[in-house]
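Hi everyone, thanks for having me. Let's get the picture up on the screen.

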Amino acid sequence: MMNSAEAPIICVVGARPNYMKVAPILRAFSEHRPVLRTLLVHTGQHYDPAMKDRLFADLDLPEPDINLAVGSGSHAVQTAEVMKRFEPVIDEHGARAVLVVGDVNSTLACALVAAKRHIPVIHVESGLRSNDRRMPEEINRILTDQISDVLYTTERSAHANLEREGIPAERAVFVGNVMIDSLRASLSKAVPATALLDTAGLNATRIQGGYGVVTLHRPSNVDHAETLGPIIDALRQVSERLPLIIALHPRTRNNLERFGMLDRIDSPGFLILPPQGYLEMLGLMSGATMVLTDSGGIQEETTALGVPCVTIRENTERPITVDQGTNTLVGTDPQAILSAANAILGGGGKAGRIPEYWDGRTAERIAAHLHAWLLAHEAGEASEEASA
């Protein structure tokens, strides 16, 4: 294996939200002087090839150097398979560090492999907590942070979470939100909602007076008929005042069919689209009167865009979007969803403000800090070896 200082920084992507975080980081590393050499590993956790290719093109991401092609499986199977396939990559290419983002299974799996090989683990988007350990992502966040050497945070409240969990303060570095780097870089290329409706054969004049956007995919919301049915009914009531464009997730569509509820989305106020690419979702959100969602990333993107967001979840790991941004957390109670939507329609919704360091330059800050940290870390290791 090559000298660690000459080896690449392995950057890992596994699922759709990772792409938006890694794209600006790779650009910043390539533009840094000296260049920070990288190896892009796609675990294949998100395995729809058409969606992957579309997202990589939208974000100007280079094709992965390595695709582990893991595919779907239970959390245990998927995590184990990523670990089995990732370790030989380190054997072959070496690793100056392993950089992981977010909270998916691939994040924890690759971090575990690196930590046990004594390779520095760099975690981008550290310290976010929903305080709900029933969410598999929460377990991934907590464990990845515990074994990371450098923890880059998107908001200052994350540091209090890390401190409570016993992580030394000097490991955590506030850099801002790298997803907003992608948003700002891509906004001029966003596809307008009217163009999307025209392409889908839907009547775009229906949204001339405004529209809302809906995304629902979380298992806690869509896997149980007693939860999903009332949510859809509440959205139908909202759609009587404001047309709603629903980017329908396959999981949600399958469950609606399984529960015999597909007819509930056959409503005059709903405009149903298939899952959308990144630039298409940006276009939908940026022109919306409001967004109703259970997505983590969309909470951040709507805050950055200044668009009111109604989050259909009992908790959020992104409290800054509620405290400073445009997000309102309503749970799954149909009346609460309806009340929040009516408040937006009646008064325009929360104006919010752009949080600190959500300025499109987060990746640059990561590159500058990581370069200096790696030099210091490698000098320290060399000194230890010399004195051994």
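This is a predicted model: local features need pLDDT of at least 70, side-chain atom pairs count only at pLDDT 80 or more; totals for chains, interfaces and linings use all residues.

Residues are numbered from 1 along each chain as its sequence is written, and side-chain values use heavy atoms, with hydrogens and water left out.

Okay, cores. A nonpolar core here is a set of buried Ala, Val, Leu, Ile, Met, Phe, Trp, Tyr and Cys residues joined through side-chain atoms within 4.5 Å. Buried means under 20% relative accessible area, exposed over 50%, and partly exposed in between, using a 1.4 Å probe and protein chains only. The largest core has 59 residues, and Ile-9, Ile-25, Phe-29, Leu-99, Tyr-152 and Ile-245 touch the most other members. Helix α1, residues 16–31, gives the most to this core, with eight residues. (Helices are DSSP runs of H or I, at least four residues; strands are runs of E, at least two; both are numbered from the N terminus.) Apart from that core lies another, of 27 residues, including Leu-216 and Met-261.

Now the backbone. Most residues other than glycine have a negative phi, and most peptide bonds are trans. Yet the bond from Arg-33 to Pro-34 is cis, with omega near 0 degrees, and Pro-34 is in the loop between α1 and β2.

Asp-60 isn't a glycine, but has a positive phi of about 55 degrees. Is Asp-60 buried or exposed? Exposed, at 52% relative accessibility. His-118 has a positive phi too, about 60 degrees, and is exposed at 70%.
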